[in-house]
Structure formats: C-alpha cells, structure tokens
Amino acid sequence: MPQRNGNNNSSSSSPDPAAASSRRRGAVDSFDATKPFVLHPKHLCWLALLTLIMPYTEQYSTLFLQRLMEVLFRETLDVHPLSWKDMVAQASVIPCGRYKEGTELNMTLLMHKFAQKLKDPIEMRKFMMEDTAKVVSATIAQPGEGIAVLRRSWFGVHMRKIRLAYLKLSDVAIQRLLRAFSSWVDGESMEDYDFGTEVVGMPGYMLISTTGDHANPSTTDAYEQFERDQHIGNLPGAVDNLRHYFDQRFTQGRQPPRQHALNALAHYYVRAGEIESARQVATEAMDTARTVSDRRTLMNVTSLARRIPPRKQTKSEDDTKSIDDNDAAIIARPKYTTLQVGTSPMDLLFDVRLGLDAGEPLSFLFQKRFEAIGAFDLPPDIQMWPLETQWQIWAIDAQLWRLAGMASVAEIADKIVLANTSPKDDIRLFTLCITARQHFLRGQYAKAFMVLLDRDTWAQLSLTQFGYWSEQIWWLMWDIATRRSQDAFKLQFLEARKPHPSPFDVSDKAKKSPEAIRKMILEASEALTARNVTRATILIVDALHHAEVNGYWHLYRSATPIFADLELQRGKIESARKRIEEILPQVARGEDLEQRAMTYAIYAKVKMAKSHDTGRESLSEALVYLKKAEDDYQTLEIYSSVQDMLYLQAVVHETLEEPTLRDLAGKRLREIEEVEEKMRVGSDEEMTEVWDVVCEIGIAVARGDTYWP
C-alpha cells in the first residue's frame, strides 16, 4: 500500500539514501488528479468575473466582496455550475458600493457588457493573454496595488489551469469554444457542444498535448450515486457505490487508497445507525492506516471509533438485585481527550457529552468547549478542520448556557448557527428542534410546530435526519398531551407510534448527570403528590445538592419549589420563604413557564401561611401570585394545576369574606373540570393531522423527493 503522509519515509530499492529521498512524493504529489481538464464557457465566465472585480477591490464594499468570494469559490468546484445569468445575479445581490460621478455602478449591467465584449476573438485573446496576468502576483499585494490573487492561492491555481488549457487549444477548438461561450452568455442551448473528457482525444482539438490529457480519468459518478443512496437510506446500494468509487485509480502507478474507503464506510455506517458494522469497519480501517503509515486517516478513524457507543453488557439477576432501585449505576470517570496539536475538535466536543453523562461540573464542560475552539483555530499550516465544526461548537455552547440558566445567551448562539448553516446540515436540524422545544416551554405550541413543519426544515431531510426529526415531533406531541391530560389520545394514538430508541442513547448515566437530576425532581414531585414525604425529601435534597455543586442552575431552580413545599408541610415557613425568594427574580424573568408557575404557586402558599401573623395583607399578596400561576398554567394548558390555583383562590376569597369572587372562582373551577374531562377521553384532530403530514413527508424522503444535490 502507498504511503499517504509526505513526512513519512517510503521504502525504496535504491541503496543510495539521497536517491531514495529525491524520489519521495509529498501529499500533494500523491493526490495529484489525472483527470483531463476540459475548458468550458463557465470557466471563461468565472475568469471574466474575477478579472473584472479583483483589480479594484478597495473600491467595493466588504459585504459585496464577501458575497463575490462565495460565488467564485463555489464555481471553482465544478459541481452543478451556475449559468452566467445566475452567477451575475447571485454576485450582485448586495450593492457593490463603488461610485462613478456620484452614482453607484450597476454591476449587473457592467458584467453583462464585459461578457458581450469577450465574444470578439481578438478581445478574448487579449483578455486571456494580458488582462488575466494583471491580477496575479507572486507576493502579497501592498495597499493600493490592486493585486488580489496570489499564484499559489486557490483562485490563482484555478486561474492558471484555465489559462494553460486555453494555450493548448488549436485554432479550430478556440473558434468552437467562442461559439459555445456566446451561447452560454446569451442563455441559449448547449446541446451542440460536447465538453466531456473524451473531447480531449479528438483529432485537432489540442495544439499542444500533454501526458495528463490522455490519462484514464477517475469519475465521481459512483460517489454521486452513493450520496443519493445515503440520502434515501439504500444501505446496500450506498456501500456498493462507495466501494466502487474508491476502487478507482486516482494516481499513476498506485493502488487505490483502501484506508480512505474504509474510513468513509465507517462514517457512513455510523450515520446510518449500523453500530456493529461501523465498529468492525473502523477497526479494519485503523489497522490499514497503521500499515501504510497514514497518520491523518488513523487519527480520523480513531476519533470516530471513540464516539461509537460501546456494546451493552448484560447483568446477571444477582447483580441486578444488588443494586438499589433508587440509586443510579456507579459509572467510572471517563477518559477525556488531552489537547495537543492535531486533536480533533469533535473529540473535545464529545468530551462534553461524556462529561454531561458523568455529571461533571459546568465549569469543566465550558473548559472542554474552549479547548475545542482552540483546536479549531489552529493555523491552517498546522491543521485545518471543516467550517461546519465551528457551528457545532456554537450549538454545544447554547446547550451549556441553557443548563446554566441563561436562555437569552443561548438564543444568541442558536441564531449564529442558523445564520451560517444550510437546510441539509445536521447541526441546523438539531438547533431547530431545540428552538421548537423552547417554544414548548413557553407554552407556544403552535410556534413549536411551525418551526418543525416549516418547509425549510424538512425540504432537504435525508432518511436518517427524518428519523430524528419525526422523533422530536412525536415527543413534542406526547409532552403536550401529558400536560393536557389527554390519556385516551396517548394510549390509542401515540403509544402505537412511539419511535425506537436511538443506538447512541446511553442508558447508564451518573447520579449527578442532568438527566438523573431531572428524573429525581420528577420522582420527588410524584412522591410529594402521593404524600410520601420521606422519599420526596431524600430525592429533592440529592437533586438540589448535585445541581448546586455542578452549577446546573436551571435544574436547581426547578428543584427549589418542591423543597420549599416540603418545608411548608413541616411548618418551616421562614425557610420556605428564603428558598423561594432566592430564585424568584431569575424565575420571573425566565422562559420556562411551568417552572415560573410552580414558583408563584409555592410563594402564594408561603404568603397564605404567614397570614396568621400579618393578616389580610399577606392574603392579598397571595391572590396576586395565585392569579399569575393560574395564567401561566392556563397558557401551558395544564388544567389540573389551573384547578388547584382556582381552588386556593376560592379559599382565600372565603377567608377575606368576598363571596362574589369566591363564587366566580368556583364557577371557573367547574368549567376547567369539564374541559379536562373532555380532553381526557377525547381525541386530538389537530395533532392527528400533524402526524399525517409527517407521514407524507416520510414517504417523500424515502422516494428521494427531498434529495437536492
């Protein structure tokens, strides 16, 4: 197998070390493409746009140049190129900021005039031989020089490739290219012109022929088919096309890079949820990468293998019985990644996931987040990571701020992710689902469904993404039905459609983890409702301790009202008051309505308990907080809690000798009871229609209608 790392020594049959060293190939040489380059009118249009703008970059606005760079860079990839009209339209979306005689230039008109000028053969030759050379430099341009493209830059290499291809053309080929250029600029049909790689071998096409022009090229057809199969969930077809792609010979005299094929296959298996297959292929890829001394691929596969969930260990009955039901399984502290040169930011972000499962303090999780930023921001000559990694860091950052109780800061990170990602990105879908969950916490159920069912959210979903998206919609419907006490709807409709658990879900989590703390708070609330004060006290004290020590302040504020309620039942009114007033300012400004309503309700009970000392004043204050709690519960449609608040209001009005208001509260209570009873036994037509839409989208995804290459 070939050496893929230019820094490693390759074997040689020559006994002379100097001769062996001179024949070593670097990484760029090893992956030098042999596919013939066929000059197309789109390349001339790209060069025209670059040459027209670049010498005068200082006269244009920064936003216009940024947009232009995006268009030019995308067109260098030669994947689904834009027409000349579309290219100009996308580049001119933002005003150019260049003025002539007090009037801003119309860049669309200027670009079209320039392209019409190049239809003349003499102007085209002058443009290719003289004008393009003026925007290229061997050194970095000084201010005012107007030279914007370095010879060895991405644009400089692409420009050189276009110019060399033009120089090798015969006169007949140049005339044919000019006719095609004229048709391309005018938006006419190109069916009469063949620009396939076979045209290079046609007699009379090349004036100067080189070895690369006659090489047997590799193609991306198999990989394009793999992307479609991956999108629609065709596992056998995707695996077969991926292997076909890497079986091609990309370089002269070298075997196909097998370690890269295994690496890509392992990543695909992980995305498809085939965990066991991913584990086996990743192991084989690591062995192959070690054999050929490909350090970059070895680090990539090792990073992936670390994120693959471990095999679940079965426990014997004796071991199961020895573990108390109230205690979480004891989990050893995971091994975290040490930051060094070449460390993947994804490994450090995965450490955040491990830290959450292990119940690490929030300060440690933020430390890992900052280490991920450091690994991503290394200079390009040391390591370069995909730009998408940056937005994944911001998404994790948003989750940590929410755990810290700073939802407003988390929304800033969410907006950054949504502004810089495309609809088919996984991290964008994750952020949109989190946004929908935030609307749910505010009681804005319609907005939550609008976010998830928006066309931009599902229009480019793959089958794997559809599984995650539909699962989030199901859980949203389940939680709404739980709040509304829709027991019959949950049993008859939602239970039968419950999604399968993800293979990446970790069942065993530490007792200090956020999930375990949430579970303790829920169980404590249920125990308090059942009048099991001892169990409720043990659970809520543990939850408060772990949340406070780890800095999970959102969970701490959720646990505090339950503890204050227990203090009230013990007669410790002052202790309950201090606990509630400690979190009241933060909760009142928060976005979790259920947390706020519970805090208001307990604080009202504290005021009612203090009425023995302060009299009517405390009862009047209690009515204010009871009304606030009722409004929040009504917004959330938690009808059982609305009834509790109305009952307490009736009691307070009775104590204050206000029979009219007491009767109004009682009447309102009976109305809410009727609404809850209808919800309990009836179905939900709106959510049924929502699920029908989800099923129709699933059919479209499986059919490939959402595949946009």
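I looked up the largest nonpolar core first, and it has 62 residues. Those with the most contacts inside this core are F449, W469, I473, M477 and L494. I noted what a nonpolar core is: a set of buried Ala, Val, Leu, Ile, Met, Phe, Trp, Tyr and Cys residues joined through side-chain atoms within 4.5 Å. Buried means under 20% relative accessible area, exposed means over 50%, and partly exposed lies in between (1.4 Å probe, protein chains only).

This is a predicted model, in which local features need pLDDT of at least 70, side-chain atom pairs count only at pLDDT 80 or more, and totals for chains, interfaces and linings use all residues. Residues are numbered from 1 along each chain as its sequence is written, and side-chain values use heavy atoms, with hydrogens and water left out.

**Around L494**

I then checked L494. Leaving aside neighbours within four places in sequence, L494 is in contact (heavy atoms within 4.5 Å) with W474, M477, W478, A481 and F489. A second, separate core has 46 residues, including F64, L82, F155 and W184.

**Whole protein**

I found 34 helices and four strands. These are DSSP runs, numbered from the N terminus: helices are H or I with at least four residues, strands are E with at least two. Of the 709 residues, 45% are buried.

**Helices α4 and α8**

How is a packed helix pair described? By the angle between the axes and the distance between them. I looked up α4 (residues 62-76) and α8 (residues 154-167): the angle is about 50 degrees, and the axes are 11 Å apart. Axes are lines fitted to C-alpha atoms, for helices over the stretch in contact, and angles run from 0 to 180 degrees between N-to-C directions. The two helices are therefore oblique to each other. Under 35 degrees counts as roughly parallel, over 145 as roughly antiparallel, 65 to 115 as roughly perpendicular, and the rest as oblique.

Which residues meet? M69, L72, F73 and T76 in α4 meet W154, F155 and H158 in α8. I sorted the contact residues into five nonpolar, two polar and no charged. Here Ala, Val, Leu, Ile, Met, Phe, Trp, Tyr, Cys and Pro count as nonpolar, Asp, Glu, Lys and Arg as charged, and the others, Gly among them, as polar.

**Two positive phi values**

Most residues other than glycine have a negative phi. R531 has a positive phi near 65 degrees. R531 sits in the loop between α25 (514-529) and α26 (533-550). Is E637 buried or exposed? E637 is buried, at 18% relative accessible area, whereas R531 is exposed, at 63%. Phi of E637 is positive too, about 65 degrees.
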